[in-house]
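Welcome! Here is a short tour of a structure that may be new to you, arranged by topic.

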Amino acid sequence: LAMGLCRLGFVTIYLSDPLVSGFTVGAAFHVVGSQVKYLLGLDLPRYSGPLSLVYTVIAAFRNITQTNVAALITSLICIIVLLVGKEVNLRYKDKLRGIPIPMELFVLIIATLISYYADLNGKYGVRIVGTIPTGLPVPRPPDLSRLLYVLPDAIVLSIVSFAVSLTLAKLFAKKYGYSIDDNQELIAYGASNLFSSFFSCFVGSTSISRTSVADAA
């Protein structure tokens with residue numbers, strides 16, 4: 001929030017088009033790599049840092065014999081239905097008058113019902129979200145007792161996180177032909193995280209894989 005108020009968005013001039021294009025290619029590999037363990041139903045360790053994608057793929061191949069067949073079949077069926085739905089929406093775009101068929105919503109509802117009544121988790125070990133608590137937690141001020149210990153790392157992480165987030169924002173701005181205000185993005189991130197800190201929320205940032213999947217939907 002302070003970075004936005006101080007108009008430090010100018011640092012984004014270093015995010016050139018070649019950098020954004022390279023980020024796009026990297027994001028595609030990241031999306032595929034991050035979903036492999038869910039596609040195969042494997043319980044793989046989470047890697048971070050350089051070559052994390054390579055380590056993930058290696059771990060997936062090492063544990064390929066432990067693939068959950070039910071999870072794999074469910075994943076493939078969902079992928080096929082979504083691809084067919086996307087093709088139908090593109091082919092009959094004019095007849096649908098700009099209102100696409102919400103195949104993602106249908107897949108979510110039908111898969112949830114099948115998972116519940118067929119007991120895919122109990123019988124076949126397919127991972128599910130589980131019980132989702134209702135309501136909002138009681139707001140309370142965040143614990144600031146260790147602020148001085150985490151402040152230096154927090155500043156570095158905020159800069160890196162903003163750079164990744166803005167790179168992704170620039171990618172979609174270029175794709176859909178609109179402009180973004182760098183300083184406004186900073187203020188938005190700061191204000192949302194400041195407000196959410198009173199509800200014990202995770203720090204808001206950008207997820208490359210989830211954003212790309214949501215855009216493709």
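**A first look**

At 67% relative accessibility, Tyr117 counts as exposed, where exposed means over 50% relative accessible area, buried under 20% and partly exposed in between, with a 1.4 Å probe and protein chains only. This is a predicted model, in which local features need pLDDT of at least 70 and side-chain atom pairs count only at pLDDT 80 or more, while totals for chains, interfaces and linings use all residues. Residues are numbered from 1 along each chain as its sequence is written, and side-chain values use heavy atoms, with hydrogens and water left out.

**Aromatic pairs**

- Two aromatic pairs are found in the structure; rings of Phe, Tyr and Trp (its six-membered ring) pair if their centres lie within 6.5 Å, and planes under 30 degrees apart count as stacked, over 60 as edge-to-face and the rest as tilted.
- Tyr117 pairs with Tyr116: the ring centres are 5.0 Å apart and the planes stand at 85 degrees, so this pair is edge-to-face.
- Tyr116 is exposed too, with a relative accessible area of 63%.
- Phe195 and Phe199 have ring centres 5.4 Å apart and planes at 45 degrees, so their pair is tilted.
- Phe195 is exposed, at 58% relative accessible area.

**The chain as a whole**

- The chain has nine helices and zero strands; these are DSSP runs numbered from the N terminus, with helices (H or I) of at least four residues and strands (E) of at least two.
- Of the 217 residues in the chain, 21% are buried.
- Among contacts with a separation of 6 or more, 71% join residues 24 or more positions apart, a contact being heavy atoms within 4.5 Å.
- The chain exposes about 16,200 Å², and carbon and sulfur atoms supply 68% of that area; accessible areas come from the Shrake-Rupley method with a 1.4 Å probe, and for residues only the protein chains shown count as cover.

**The second largest pocket**

- The second largest pocket holds about 1,300 Å³ of space. On a 1 Å grid over the protein atoms alone, a pocket is an open set of points where a 1.4 Å probe fits, with protein on both sides within 12 Å along at least five of seven lines, and lining residues have an atom within 4 Å of a point. Grid points are joined across faces, edges and corners, and the volume is the space filled by probe spheres set on the points.
- Its lining has 30 residues, and the closest to the centre are Ala154, Ser158, Asn193, Leu194 and Val203.
- Helices α1 (2-5), α7 (147-176) and α8 (182-196) each supply at least two lining residues, and α7 gives the most, with eleven.
- By class, the lining has 19 nonpolar, nine polar and two charged residues; Ala, Val, Leu, Ile, Met, Phe, Trp, Tyr, Cys and Pro count as nonpolar, Asp, Glu, Lys and Arg as charged, and the others, Gly among them, as polar.

- Ser196 sits in helix α8 and is buried, with a relative accessible area of 14%. Leaving aside neighbours within four places in sequence, Ser196 is in contact with Cys201 and Phe202.
- Leu40 belongs to helix α2 (residues 17-40) and is buried at 12% relative accessible area. Not counting residues up to four places away in sequence, Leu40 touches Ile64, Thr67, Asn68 and Leu72.
- Asp119 lies in the loop between α5 (103-118) and α6 (120-124). Asp119 is not a glycine, yet has a positive phi of about 55 degrees, and is partly exposed at 36% relative accessible area.
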